[in-house]
Structures are given as structure tokens and as C-alpha cells.
Amino acid sequence: MVSYILAAITGALVLGLDQFTKYYISNNFEMAKSYDFLPGLLDITYIHNDGGAWGLLGGYTWVLLSITIVIMLVCITLLLKMGLKDKLMFWALMLILFGGIGNMIDRIFRGGNVIDFLHFEFWPTFPVFNVADCAIVIGAGLMLLYFFKGMIDESRQKREAVQAALAENTKENENN
């Protein structure tokens with residue numbers, strides 16, 4: 001149970017950090033100028049992004065909000081359906097939900113724009129992103145890990161069932 005509480009608290013802290021960093025960056029940095037943060041790794045480049053990842057659907061705020069709401073409803077449905085059955089999925093859903101809320105707050109209260117500011121210095125063509133984006137990507141990665149783990153477990157169970165059936169069949173043949 002502690003893990004679930006920790007996941008919910010982490011999600012809320014991520015949302016708080018996301019909103020704080022966006023507020024701080026927008027009030028203390030110049031738009032579209034890069035600042036060294038972690039030399040060779042990250043710089044801070046404050047921009048307003050009116051699109052999704054990689055600027056996709058730029059200017060289509062209502063489409064992006066609708067997509068976000070649908071994804072969040074799917075996450076809530078999974079949360080209600082799965083409940084507390086799996087810690088990994090719970091963590092994934094918390095990160096995706098709170099990250100989505102962070103970017104949705106921006107779109108609603110910042111004229112359709114999301115404040116992005118983190119940029120990989122070593123990968124100049126990679127888009128600028130924010131804390132909420134990090135949470136969403138980590139959550140999606142955890143969700144993929146959950147599904148891969150499920151496929152591996154299912155495969156293992158099938159293999160063990162086949163081996164058990166073969167062993168039973170062999171035992172019956174030896175008795176005959």
C-alpha cells in the first residue's frame with residue numbers, strides 16, 4: 001500500500017514541480033534564448049509550444065485538449081478497472097495523469113501554449129520539453145514495461161503448462 005501512496009504523492013509533486021518550473025522560467029528567462037544548465041547535456045531554452053510533441057498539431061488547442069482528455073479518461077478507466085492490482089501500472093498511470101494535467105493547465109490558462117524549456121544540448125534537433133513531458137514519457141515507458149512483462153509471464157505460463165502436460169503424458173505412457 002505504501003507504494004501506491006508514494007506513487008500518488010510523486011504524481012502530485014511532479015505536477016507541483018512542473019507548474020513551479022514553468023512559472024519560474026517564464027518570469028526569469030528570455031524567450032527563445034538558450035542558457036547553459038548542465039553543460040554538454042541540458043540547456044534551458046524557454047519557448048511557448050502551441051502544438052504537441054515535436055510541435056505537431058500546432059495551433060489546434062482544442063484538438064490537443066480533446067486528445068489529452070481522452071487519454072486521461074482511458075488512464076482513469078484503467079485505474080478504476082485495475083485498481084490496486086499492479087504497482088507498476090499504478091505508477092505509470094499516476095505519472096501520465098499528473099503530467100497530462102500539467103500540460104492541460106498550460107493549454108487552458110496560457111492561451112493554448114505549453115511552456116517548454118528543457119533541451120538536450122547534445123541532440124540539437126530534439127524538441128524542447130518540460131517536467132510534465134518527462135512524467136508522461138516515463139509513465140508511458142512503465143506502461144510498456146508492464147505490457148512486456150505481462151507477455152513474458154503469459155509465455156512462461158504457457159511453456160510451463162505444455163511442459164507439465166508433456167510430463168503427465170510421459171508418466172501415463174510409462175504406466176501403460
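Visitor: How do the axes of α1 and α4 cross?
Guide: They come within 8 Å and cross at roughly 150 degrees. Axes here are lines fitted to C-alpha atoms, for helices over the stretch in contact, with angles from 0 to 180 degrees between N-to-C directions. Helices are DSSP runs (H or I, at least four residues), numbered from the N terminus. So α1 is roughly antiparallel to α4, a label for angles over 145 degrees.

Guide: One caveat: this is a predicted model, where local features need pLDDT of at least 70 and side-chain atom pairs count only at pLDDT 80 or more, while totals for chains, interfaces and linings use all residues. Residues are numbered from 1 along each chain as its sequence is written, and side-chain values use heavy atoms, with hydrogens and water left out.

Visitor: Fine. Which residues in α1 and α4 meet?
Guide: Val14, Leu17, Asp18, Thr21 and Lys22 in α1 meet Val131, Ala132 and Ala135 in α4; contact means heavy atoms within 4.5 Å. By class, that contact has 5 nonpolar, 1 polar and 2 charged residues. Ala, Val, Leu, Ile, Met, Phe, Trp, Tyr, Cys and Pro count as nonpolar, Asp, Glu, Lys and Arg as charged, and the others, Gly among them, as polar.

Visitor: Is Lys22 buried or exposed?
Guide: Buried, because its relative accessibility is 0%; the cut-off is under 20% relative accessible area, using a 1.4 Å probe and protein chains only.

Visitor: What does the Lys22 side chain make a polar contact with?
Guide: The side chain of Asn103, at 3.1 Å. A polar contact is a pair of N or O atoms within 3.5 Å; within protein, one must be able to donate a hydrogen and the other to accept it, and residues adjacent in sequence count only if both atoms are side-chain atoms. Lys22 also touches others, including Asp106, Arg110 and Asn130.

Visitor: Switching topic: how do α3 and α4 cross?
Guide: Helix α3 (residues 87-109) and helix α4 (residues 131-175) have axes that come within 7 Å and cross at roughly 155 degrees. That makes α3 roughly antiparallel to α4. By class, their contact has 17 nonpolar, 5 polar and 1 charged residues.

Visitor: And where is Met89?
Guide: In helix α3. Met89 is buried, with a relative accessible area of 2%. Leaving out residues up to four places away in sequence, Met89 touches Met82, Met143, Tyr146 and Phe147.

Note on methods:
Helices (H or I, at least four residues) and strands (E, at least two) are DSSP runs, numbered from the N terminus. Angles under 35 degrees count as roughly parallel, over 145 as roughly antiparallel, 65 to 115 as roughly perpendicular and the rest as oblique. Buried means under 20% relative accessible area, exposed over 50%, partly exposed in between (1.4 Å probe, protein chains only).
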